Amino acid sequence: MGTTDRDDLISLVDEEENFKIPTTLPLMPVRDVVIFTDMLLPLFVGREKSVKSVEAAVGKDAFLFLATQKDPNIENPSAEDVYEIGTVGKVLRMLKLPDGRVKALIQGVAKARITNYVRKKGWFRVKIELIVEPPAAEEPDVQVEALMRNVREYSEKILSLRGEYTGDITAILESIEDPGKLADLVASNLRLKLEEAQQVLEIFNPVHRLKKVNDMLSREVELSTMQAKIQSDVRDEISKNQRDYFLREQVRAIHKELGEFDDKVQELEDYKKKIKRAKMTKEAAKEASKQLKRLEQMHPESAEATIIRTYLDWLVELPWSKSTKDHLDIKNAKTILDRDHYGLDKIKDRILEYLSVRKLNPKMKGPILCFAGPPGVGKTSLGKAIAASLNRKFIRISLGGIRDEAEIRGHRRTYIGSMPGRILQGLKQCGSNNPIFMMDEIDKLGSDFRGDPSAALLEALDPEQNNEFSDNYLNLAFDLSKVMFILTANYTDTIPSALYDRMEVIYLPGYTEEEKRIIAEKHLIPRQVKENGLKPKHVAISSNALDAIIRNYTSEAGLRNLEREIGSICRKTARKIAEGQKGPFAVTKNNLRKYLGVAKFIPEMDQEESQVGLATGLAWTYVGGEVLYVEVSLIGGKGELIITGQLGEIMQESARAALSYARANLSTFGIEDNVFESHDIHIHVPAGAIPKDGPSAGVAMAVALISVLTDTPVSKYAAMTGEITLRGRVLPIGGLKEKAMGAIRGGVKTIVIPEKNRKDLEEIPANIKRKLKFVIVNNMDEVLPHVMEGDWPPVPAAEKDGE
């Protein structure tokens, strides 16, 4: 092999022919095969660039440079996508097909390297440099001869295992004495990956190339032997179902090789992978495999197949083993809780206790907490803050108005359109099996002919049972023990006792005026300023203005109306700025009316001075505590008791008990015995349009009655709460903290409470205790000196007669 005097031709001389190979040739990138020297193969050429390259070669001297693509999936390869080392081929025959493709018979002639791309537009033309391999020795040494014999034996063995061996093959292999040609022949017929075949092509030393092929043959022998052994074992033990499966796999492989993918087979494969990735329980995995086998035997378009697909989708998408890692940094959790919420120390302590126990015992079950309190105190937002402090997902569902048990436990699969209940839907949505799961408005669940949802919640909210929660749709046990359930309610009276017993109830009382002002300054004002497109420099709301908003424009235990009023101020400020007025705008107590209009709330009984027959009681409502005024009048009549103000049965009984106590102690209070023979007693509790009930107004009724009988004013700064008995004992009441905050809003300075409520004073914040004087009593004799104005007790009637 040498070079002629002409620069554009290279002379290649072998035993059979004398080729003159030009130095510049058309390039045809080959997708899925590496072409070796002396290799003869038919090629189907379909790409436009490749067709032009073949035509250019045939139109001149029939030489073509063939180089393999690095990525066979690239439809339009560039120069960088083609290997540099390739083979010069000679087009022996070419046939144009009707569809525009070309069928060419090509023989590999010589190995060469691309040195330069002469043309890239339309089709490739490259300048090449032939690669001259070291000549083989005339008498190969023993090592090379042994290597060649080994390659021949390996080749024959592989063909025997495949069932493709014939006697002619031995003759062909024995006739080749050149190690390089033997390596090329075997490599071209061995099922090699493109990268491996290219590696063989790029080895220029014949002996080294033969060694590489020998190593590949050794590996292929092992694989073929193992494959033959597996096929033999399977063939011996195969059953009918296994044979069917094996045939289906073969069909799938055939379709894949032909590029004809079976959608059903692909779907089944996808489900198998998803089931494996889901890491279900053993029972769930067994059921999933059973349903998948049923789906495999069904027609893809049948209605039952659709139901099974939906069921499998739910199984593989539920977080059976997916969970988030808790952040057990107690200090960081406390910082997050304090940042997002002011006060609420009792709940924060409970959450930090849970974190502490979780840190010491990672396998503890999730608690079932219930936040009970008036609207707007931050129950829902507190759940989000807890999730942030634990680094858990947060999911919330509202139970208000739900009357169907299937909303909780799901529908059975026999129904069309059935699906799991709200609990599993929430877990699928958040993708974790240990989220913070908040159920809002647990106190507003209903029930009808479709079942009782609260009964369905018993299993989910019982730590001893929820590790095997069964949804009607899945009909499988799902572990809910890692979920931290948080429920919210405005009041707990309507919660069924069995459900109430499973929850740890934490009460959230309303906020004091001072707490509301701090929360407004830290959270509400910045949030409303941002939401209304303002900047902090645009508006400033003074503390006095905030106090006025809290007292005169809102009347609530929570903060929702307060935030609405602040939002109204921000909107009016935003309008001023949009109209071109320059800020900043200061909102004070004096100009507050310009922003919010006239005051919305004024006291029902705005007392300028203490009055006879008017006592101040305290009431608990689901929105917080309020003052409750009791009026008593003495009118002419026959001793009848008139009760008005939409009072409930219990409250009417309290009025009768107060009257009986007063009549039994007339002489003690200096009242004539015959006063009831000519007078009627009228007790009224405003406002008349609001229904009222409960026993805690008994003391206030008795005080107002005694006040009108003795003509002694009741202090307007004193309020009282407690149930009264016929003998004057004062019995305990509930909701003391809420009532105390309602008293502060009503301008009260002294509260009379029963002795048995002394323990509740520990839960009342210090700032409330500083504003109120709490008087603790056991009976009515101790109440009257603290609430009546003037000298008390009055002079008995008998002593007046003696004078």
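Axes are taken here as lines fitted to C-alpha atoms, for helices over the stretch in contact, and angles run from 0 to 180 degrees between N-to-C directions. Helices (H or I, at least four residues) and strands (E, at least two) are DSSP runs that are numbered from the N terminus. The structure is a predicted model, in which local features need pLDDT of at least 70 and side-chain atom pairs count only at pLDDT 80 or more, while totals for chains, interfaces and linings use all residues. Residues are numbered from 1 along each chain as its sequence is written, and side-chain values use heavy atoms, with hydrogens and water left out.

The chain contains 27 helices and 29 strands. Its radius of gyration, which is taken over C-alpha atoms, is 47 Å, well over the 28 Å that the globule rule gives for 803 residues, so the chain is more spread out than a compact globule; the rule itself is 2.2 Å times the number of residues to the power 0.38. Along the principal axes, the C-alpha trace of the chain spans about 160 × 75 × 50 Å.

Among the strands, which pair if DSSP finds at least two bridges between them, β6 (residues 63-68) and β7 (residues 85-96) are joined in the antiparallel sense over four bridges, and L66 stands opposite T87 in β7. Strand β7 also pairs with β8 (residues 102-119), again in the antiparallel sense, over 11 bridges, and the bridge partner of K96 in β8 is V102. The two strands β7 and β8 form a hairpin with five residues between them, and G100 in the turn has a positive phi of about 95 degrees. The loop between β6 and β7 holds E75, which, when its neighbours within four places in sequence are left aside, is in contact (heavy atoms within 4.5 Å) with R31 and R47. The C-alpha atoms of E75 and G746, which lie 671 residues apart along the chain, are separated by 83 Å.

Helix α2 (residues 142-162) and helix α4 (residues 179-189) have axes that come within 11 Å and cross at roughly 20 degrees. This angle makes α2 roughly parallel to α4, where angles under 35 degrees count as roughly parallel, over 145 as roughly antiparallel, 65 to 115 as roughly perpendicular and the rest as oblique. The crossing of the two helices is left-handed, a term used if the near helix is turned anticlockwise from the far one by less than a right angle, with right-handed used if clockwise. From α2, the residues V144, M148, V151, R152 and S155 make the contact, and from α4 the residues P179, L182 and V186. By class, this contact of α2 with α4 has six nonpolar, one polar and one charged residues, with Ala, Val, Leu, Ile, Met, Phe, Trp, Tyr, Cys and Pro counted as nonpolar, Asp, Glu, Lys and Arg as charged, and the others, Gly among them, as polar.

Helix α9 (residues 282-296) packs against helix α10 (residues 303-317) at an angle of about 150 degrees, with the axes 10 Å apart, and α9 is therefore roughly antiparallel to α10. The crossing of α9 and α10 is left-handed. In this pair, E287, A288, Q291, L292, R294 and L295 of α9 meet E304, A305, I308, R309, Y311, L312 and L315 of α10, and the contact has eight nonpolar, one polar and four charged residues.

Strand β10 (residues 368-372) pairs with β16 in the parallel sense over four bridges, and F371 stands opposite I506 in β16.

Helix α11 passes α13 in a right-handed crossing. The contact is made by A333, I336, L337 and D340 of α11 together with A385, I386, A388 and S389 of α13, and by class it has six nonpolar, one polar and one charged residues.
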